[in-house]
Amino acid sequence: MRLQPRLNFTVTILTAFSLVFIAAIAAVVAGFREAGDRAAREAAEHHLGTAAAAAAANGRGLIHPLLGHAAVLARMPPGQAAVPGPALAALMAEAPLSAVSIVLPDGALDQVLRLAALPDGAAPVPRPAGATFAARRISAATGEAERWTYLDAQGRALGEAQRRRLPGDPRRMSWVLQAAEPGVHVSTLYDLPVTGRPGLTVAHGLPGGGAVGLDVPLDELGRFLAGSRVSPGGLTVLFTEDGILLADQDPGRVTQAGPTAWTTLAASGDAALTALWRAFAEGRLAEGGTGVLEIGGDEYLAHLAGVQEFVAPRVLVGVLAPLDDFTGGIESGIRIGTLFGLGALLLGLGGLGIVAWRVARPLGTLTREAEAIRRLDLTQPLKLTTHISEVERLADAMAGMKNALRLFSVYVPRDLVRKLMAEGAEAELGGERRRITVMFSDVAGFTSIAERMDPETLMQVTSTYFQALTDDLLRNQATIDKYIGDAVMAIWNAPKRDLAHAMHGCRAALRARHLTQQLEDAFEARGWPRLHTRYGLHTGDAVVGNVGSSDRMAYTAIGSMVNLASRLEGMNKVYGTQILVSEQTRLAAGNAFVFRPVDLVLAKGASEPIEIHELLGVALPAEGGDEPILAGRAQVARLPAWNEAVRYWRAGQFREALAALREAGDPATDPLLATYATRLARHPDGPPAGWSPVTRLESK
């Protein structure tokens with residue numbers, strides 16, 4: 001029989017509590033000032049960094065859509081480039097634009113102008129009431145007058161006017177000359193023609209000469225700074241690495257009256273801006289860094305962030321704020337915190353004299369352990385020392401239950417159970433109709449690989465592979481539905497709701513592709529076979545829920561869309577791709593990803609053809625670690641030619657499709673291009689009778 005020691009519970013606990021609490025209060029009071037200052041400074045640095053990054057992203061977001069408009073306008077078929085409709089649509093869609101110009105190879109100029117951006121007298125009379133836009137036409141013939149067509153807010157013609165043509169050849173404008181080089185270009189800052197306002201031009205060359213240009217006035221660059229004050233005394237500015245002030249929360253500081261005369265930070269007359277420029281020019285404050293500046297006897301925090309895809313020279317966002325804006329409440333906090341600490345000591349001493357702390361402490365531990373078990377957190381062993389026999393027996397029973405659950409959880413997906421519990425699901429048969437995204441993965445040639453390996457090594461290889469792939473999918477919001485041989489089925493938006501399920505599914509597939517490529521190299525280094533993995537994703541309606549019997553059930557998704565996702569994975573073998581997605585998934589994922597069209601296919605057993613796409617990567621890095629899954633620049637650059645080739649193929653224009661295919665890449669290194677090259681080679685004289693662009697797949 002084990003003897004339990006008898007202790008004076010009240011005296012022991014009150015004495016220990018008093019000593020510990022008094023020591024803690026003393027330590028808190030002594031260290032609160034330093035900790036508070038440090039925490040406030042860290043919070044301020046993070047806040048400034050976030051504000052600068054947001055302002056930089058907004059600045060980039062102002063320019064980036066215009067790059068796409070310029071590229072689209074430049075790719076219009078010959079004969080339509082002079083029609084103002086597409087240019088007017090771009091002007092209507094992008095509020096910052098003041099003008100869209102199309103300089104044709106013969107020197108003719110077509111412009112669509114926002115009348116509100118023009119200075120008085122810039123447009124000829126008569127100007128009809130209600131005119132919002134104007135289409136300006138300058139013929140290539142030097143003797144003809146300019147023709148202006150006034151348009152209302154919906155683009156309907158209201159009237160016309162003419163005026164004497166201004167001298168000069170539009171083809172000699174700086175942005176037109178710059179656009180002679182391939183790609184989209186962003187000009188340096190200059191006084192925009194017609195409007196006379198300082199700004200920049202986004203340009204793209206036309207086939208055979210000429211260019212498309214989109215004008216953005218400088219004052220639009222400063223609009224996104226409005227309301228971005230990080231603290232009561234803070235400010236945000238936009239400037240070039242040469243020190244020219246581009247945008248400020250006080251617009252009057254940016255340019256002087258008359259022809260553009262740029263204001264520099266050094267000559268702005270503002271001590272904060274001058275100090276910011278001096279710190280940057282002397283190398284004490286670099287892009288992406290945070291520093292402390294001494295301004296008028298006060299300490300300021302400053303952070304710089306670069307604006308990508310902008311003009312040259314480099315453009316930076318600077319954010320400044322007085323340190324006192326963040327640390328002013330520290331002294332008050334010290335006093336209040338000390339009073340609260342003393343009050344808590346008195347309350348604690350009184351409470352411990354009444355409450356049986358000796359029972360509450362182990363019960364609190366057991367409560368936390370029970371909560372961990374409810375979350376299926378079974379990794380940490382139960383550590384509890386107590387002299388109360390009832391509590392000790394309860395602890396032993398809980399430890400046994402935890403060991404049993406740990407063994408059981410090896411056979412049941414623990415993450416799935418957590419999600420079902422979070423959704424309040426009941427363990428009963430049945431399901432609900434829900435729109436989900438499903439992904440199937442499969443290892444190429446796994447059967448032949450397995451036949452060449454002994455079972456022990458095969459088990460080690462597959463276990464390592466599945467462990468890494470499963471962990472990666474779970475980190476990307478996936479629910480692992482099941483393992484089918486060497487294949488994995490994962491779903492999004494079930495059981496846990498996920499409105500961005502298609503986006504998360506695409507991102508998970510890209511990260512899984514990167515992971516399995518790394519595993520291939522690691523396996524090869526260990527003498528194991530390379531497990532090349534293919535993926536298929538589809539988004540649609542399915543029934544999700546519990547299937548099976550009352551004593552043995554599984555949570556899964558059922559429906560034809562699940563079969564289609566599996567078929568998409570198998571179609572990779574036909575086209576030599578690695579990630580295929582349906583049109584539904586592409587549309588639901590949004591524009592954060594880069595896809596290229598693959599084919600129109602009629603899967604075996606299907607009644608309607610579907611369009612399938614290859615997922616190449618993310619368009620822009622949205623979070624840390626996105627660099628490995630970015631779409632390759634070379635692939636993105638060849639996408640327009642590839643899109644043209646596919647369009648001509650589906651239209652039955654094989655000669656044009658073959659010409660576009662030559663610009664889309666090398667079939668020797670791109671299996672998808674090789675597939676289309678082979679198709680076209682079968683019919684050198686064009687599509688045969690009864691030809692259809694839909695590919696019928698007879699195998700699953």
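At 48% relative accessibility, E524 is partly exposed, a class lying between buried (under 20% relative accessible area) and exposed (over 50%), with a 1.4 Å probe and protein chains only. The model is predicted, so local features need pLDDT of at least 70 and side-chain atom pairs count only at pLDDT 80 or more, while totals for chains, interfaces and linings use all residues. Residues are numbered from 1 along each chain as its sequence is written, and side-chain values use heavy atoms, leaving out hydrogens and water.

**Salt bridges**

- The whole structure holds 24 salt bridges, each defined as a side-chain nitrogen of Lys or Arg within 4 Å of a carboxyl oxygen of Asp or Glu.
- E524 pairs with R530 in one of these, with the closest N and O atoms 2.8 Å apart.
- R530 also meets D521 in a salt bridge, at 3.1 Å from N to O.
- R530 is partly exposed at 34% relative accessible area, and D521 is partly exposed at 45%.
- A further salt bridge links E644 and R647, whose closest N and O atoms are 2.7 Å apart.
- E644 and R647 lie three residues apart in helix 16 (residues 633-650), so about one helical turn separates them.
- E644 has a relative accessible area of 29% and R647 one of 44%, which makes R647 partly exposed.

**Helix 13**

- Helices are DSSP runs of H or I with at least four residues, and strands are runs of E with at least two, numbered from the N terminus.
- Helix 13 covers residues 501-525, which is 25 residues.
- From first to last C-alpha, helix 13 reaches 36 Å, close to the expected 36 Å, where the expected span is 1.5 Å times one less than the number of residues.

**Nonpolar cores**

- A nonpolar core is a set of buried Ala, Val, Leu, Ile, Met, Phe, Trp, Tyr and Cys residues joined through side-chain atoms within 4.5 Å.
- The largest core has 37 residues, of which Y465, L473, I579, F593 and L615 touch the most other members.
- Helix 13 supplies the largest share of this core, nine residues.
- Leaving aside residues up to four places away in sequence, F593 touches M503, C506, R507, L510, L615, G617, V618 and A619, contact meaning heavy atoms within 4.5 Å.
- A second, separate core has 30 residues, including L616, A641, W642 and W649.
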